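Please open the structure in a viewer and keep the selection tool at hand.

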Amino acid sequence: MTRTLLDVKQVSKRYSLRPQARLRDATVDTLRELCGLPARQGLRDGEFWALENVDLRIDAGEVIGVIGHNGAGKSTLMNLVSGIILPTTGSIALHTDKVCRIDQGGVLSTQETGRENIRMQLALYGVPVADTVAETEAIAAFADLHEQLDAPVGTYSAGMRSRLGFAIYARLHPDLFLVDEGLGGGDQRFRERFRGFIADYVAGGGSMLFAMHDTNMIQTLCDRVLLLDGGRPVLTADATTAIDAYNRLAIERGLPPLPIRRPNRIVRQDQPAPPAAPSEPPGSIVVDSIAVVGKDGGQPRSGKPAEVVFTVRATQPLGDVVAAIQVSRGEIAPLATLPGDVVSIDPPGVTLRCKVRCLALVPGEYDVRVSLYDSRTERCIGPTDGSGRAVFRVGPAGGRRGDAAGRGGLLHLPAAWETAALVDPVAAAAAAFHDDPYPTYRRWLAQPGPFFSPSHGAWIVSRHDQVSALFRDPLVTNRTVKAGVLGDTMLAQDPPDHGRLRSLVTEAFTGAAVRALESRIRALTDEQIDGVAGLARFDFMEHFADRIPGRVMMGLLGLPETDLPMLAACADMAGGPEVSARNMGRLSDYFAGIIRERQNSPGDDLVSSLLAAHDPGGQASMREVLATCVLLLLAGYETTSSLLGNGMLLLLRHPDQYARLRENPELVGPAVEEMLRFESPTHFPSARAAKEPIEIGGLGIAAGDRILACLGAANRDPAVFPDPDRFDIGRSPNRHLAFGLGIHSCPGALLSRTEARIALTRINERLGELHLDAADIETFRPSWRPAERVRGLTSLPVRR
Amino acid sequence: MADRLSPEADSPQPPAASGAGDLGLAGDLSVAGDPGLAFPGTPVRLHASTSRLRDPGRCLREWARDAAGSPPVAWRLFVRSLIQQYRHSSLGIVLAFAPVVLTALVFTFGRRSHLVAGEIGGVNSAFFGACGMLMGQAFLEAFNATRRLFAGNQALFRRQSLPVEGPLGAILLDLGFRYLIRLAVLALLMALFAVPPAVTLPLAAWGLVGLSLTGAGLGLLVAPPSALQQDINVFSSALPLILFTVTPVFMVPEPESFLGLVHAANPLAWLFEGIRAAAYGAPGSLAAAAIGPLVALLIFVLGWFLCRIARPHVVERMLV
């Protein structure tokens, strides 16, 4: 009798997108359960169905695949089957306790040694303590960990961690494996080994629920495949049909389809032949005389036509046979598969010839293996004697292209070369991103979670809820900058050092302190307006956006305004690492001089206040005082300057909103908030790093990995901002993240907002309507600062 | 012969060919040991939208099975906790009783400077304060350890269907370890301050168990919200101050004073006094030391039960 291992009946799962409601929701669910009530039905605001009405059954020896695009509900299904969470409707019955989940994140602790991790994992899977000593040694040997076994896992490479995780799984023999995207990391050899392990497990009668994008494995292993789309089951079918349906959905949405290959199902040791297609015992099938030859019958050459010729000898007639040739090299098996057509073979046999128009292999030695399949049952029927293998050597292509240049890699790809114009696509893409990053951000936002950017060497987090969670996560550190003056700022500190340094400056930015500055800001703005009174055309950045924040900061720090141009040039961090380092050095030298001056004659300014906090037992060291001064200048000047410039550009490009603001000056507050959201001055705040393994958007991030939050994207997240690409000065609510969130939120946010509010109000009152000084507003290309981190203008020509 | 994909010499053997060194998972034992869960047609595990309490029998059986299967996990988590506490600390185990020693020192200097009364509750005030700190520490450590049941193990809870019994067992082992240290410290204090032990001293040890269980039980009751809401942490940082005020940790208020009335109404204060009474014959109710732990056990089991029920609901929100 078939033994059912897993029975999923009409399972749905509801999630909430509102982190602030999680305590309430968890409490309500717990209380309902304590009262014997079923889970609440229906959706509330901010909730969605991650999975709807899924039915699934896995019998012993069955392998079921789950495919779907990101966000389809695969991981939710895995979490439900694992029992990590409970379904909102329906039920999941597991008829075995021997269930093991393999996922990419793993649960290895970086602080513990390899040995301790192995013992922990064995304990989690219920292995008695007495058995763990012997098993630990076996696992360590299998993972090739020797001296490293007693070193903390945090010191392991990603490949070593993957090997260790795999070695542990390989020692467990559950009734049911839950595989959620397999194991990440490791080299090609490791991945092949993992595939081999899974294939052997299935061949040995193991059962599996399998969520993976690897179509090769899905088609090879799965009896049936469930296709999910937006949490809903679309169909359950054989692998090829399901992948085909997946691809139709992908094409509809402009996503890349999955490759489909000819079915080559693995056959289990205990698998009976399907009754629908009974076949005679195939008798003896021998494949021999395998030869791989070039066009002229000699040695095959890279990129040239070739033939695989072999003989099949059969003792009985074989109908509907498919021959397949696998080419392998070393540990990469198969490197390529050449499926044949359906043929019939009568005794004593046939010679089959497979012509390859272009042998896409680099010079070297290869293995070739011929297998025969019954096309109706997809079972491998031969060769029956272990024959069907040969070795062949591919020679160099020869000719004018030169052989030396074509020896590397694995494959020889036939290529038509052209001499193209001098267009650098990377530079072109970078320029396009620099001009308008929002199409890119929209693609990022369409993803359910973060992704790793090799160019940044960091995970990029773009969704509003995930950025918010990241900023509040105590397992995330800001200590990513270790060298230079920035490493001493509060930006690069965690509690308690962060709080200690932040408290030095918070007094300067309280509501009362900023209110006291309002008249000064108004006077400065009026002075700047007086300066352009006689001009019909002027640069808004030069006369307002750069000057007002600069002069406010100079006043706050008690610095002479004559130094502003020099400091402004140093504060521009867009010149690359060398220029930035040089500028940072100049700023440090400058402030070191100012500090010495203030030590001798303290004044009524922020630098003197900071120095007052410094004494042998005081709050801050001299290095920290210096770093805080530099940070205040950089943060207070550059971001507010960008806010003013970006804000004015937005008004000029949206005349209806500009007119609305002029007619309703009381809207200046919400207008500034919308400017901050729509064209945030900071797109990438300083990088964070995970202190321990964390999860963002269902994706595991290893300890030590760098994480970059993209505020520009988060502030256009359609899940939070309806119609996010519309500039609306009356938008409410407007929960943008332009000033960050959590302990590292900008302490000078209120001052920045106040400066923008007063400046825009006074400019509207005194200068009236301004116009973009460009021939065509539609085609006007603003000159953005050449920095990815901040988004601000270098100039903004306007006319009255 | 069946064709195999990518056969490799070093591939692990399939289950059917597993050797003597291969492992079976815990289900081998647990299912066999619980025939009520293993007969055909009855799932071993059922994850449903309906309340688990609708089938009390299954609920209790699963509880018992999780508790029986938790010792290996509890032991490893306990070892991990010890490593995290002591591997990177030069002071190591000293930290476990440092507050008690410091309290004794402060009171001793206070006495010599005439800032503190010579005697409190009929014994040397330094001994009284150190004992109070020892008991207060027992309560607070238990409370904070169980309060962080979910928050402190979220990496595990988010990846595996881990019954709460594993981490809870680790916490109990840790508390047991600290309890033994505390007993030794108590004995040292009595010897140092020449306080003769009462014949009911074993009852004091039992009362100390009750104090830890009370803290652990109350911690379990707030563990689910604590994992999801930071405000609980703010409250917890103020808890020692509240505790030291409403219980006789460092002082014995006048019975008629406001604080005296608070102490009289506070069951935790009864337990503190009961332990002192049992340890060295101070005024207090021995019945509190005897019965208190039983009540604490009830609170603990209630908290344990709540966390079992709340686990999937809390973990679900920790995923978001």
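In which sense do β10(A) and strand β11 (residues 306-314) of chain A pair, and over how many bridges? The two strands pair in the antiparallel sense, over eight bridges. Strands here are DSSP runs of E of at least two residues, helices are runs of H or I of at least four, and both are numbered from the N terminus; two strands pair if DSSP finds at least two bridges between them.

Before continuing, note that this is a predicted model, in which local features need pLDDT of at least 70, side-chain atom pairs count only at pLDDT 80 or more, and totals for chains, interfaces and linings use all residues. Residues are numbered from 1 along each chain as its sequence is written, while chains are lettered from A and ligands numbered from 1 in the order in which they are written.

**First sheet of chain A**

Select next the open sheet of five strands, ordered β18-β19-β25-β22-β20 (chain A), whose pairing is mixed. Its edge strands, β18 (451-453) and β20 (476-477) of chain A, each pair on one side only. Within this sheet, strand β22 (residues 688-690) of chain A and strand β25 (residues 706-709) of chain A pair in the antiparallel sense over two bridges. A:Arg688 has A:Ile707 in β25(A) as its bridge partner. Helix α11 (residues 464-472) of chain A packs on the sheet and touches β19 (458-461), β20, β22 and β25 of chain A; its direction makes about 125 degrees with that of β25(A). Such angles run from 0 to 180 degrees between N-to-C directions, and axes are lines fitted to C-alpha atoms, for helices over the stretch in contact.

**A helix pair in chain A**

Move to helix α13 (residues 511-531) of chain A and helix α15 (residues 547-557) of chain A, which pack at an angle of about 135 degrees with their axes 10 Å apart. α13(A) and α15(A) are therefore oblique to each other (angles under 35 degrees count as roughly parallel, over 145 as roughly antiparallel, 65 to 115 as roughly perpendicular and the rest as oblique). Residues of α13(A), including A:Leu517 and A:Ile521, meet residues of α15(A), among them A:Ile548 and A:Val552 (contact requires C-beta atoms, placed from the backbone, within 7 Å).

**A helix pair in chain B**

In chain B, select helix α6 (residues 125-147) and helix α9 (residues 201-228), packed at an angle of about 30 degrees with their axes 6 Å apart. α6(B) and α9(B) are therefore roughly parallel to each other. Among the residues that meet are B:Phe139 and B:Phe143 in α6(B), and B:Leu211 and B:Leu218 in α9(B).

**Two backbone details**

Finally, return to chain A. A:Gln10 is in strand β1 (residues 4-16) of chain A, and has a positive phi of about 50 degrees although it is not a glycine. A:Pro733 lies in the loop between α22 (711-714) and α23 (749-767) of chain A. A cis peptide bond joins A:Ser732 and A:Pro733, with omega about -5 degrees.

How values were computed: Two residues are in contact if their C-beta atoms, placed from the backbone, lie within 7 Å.
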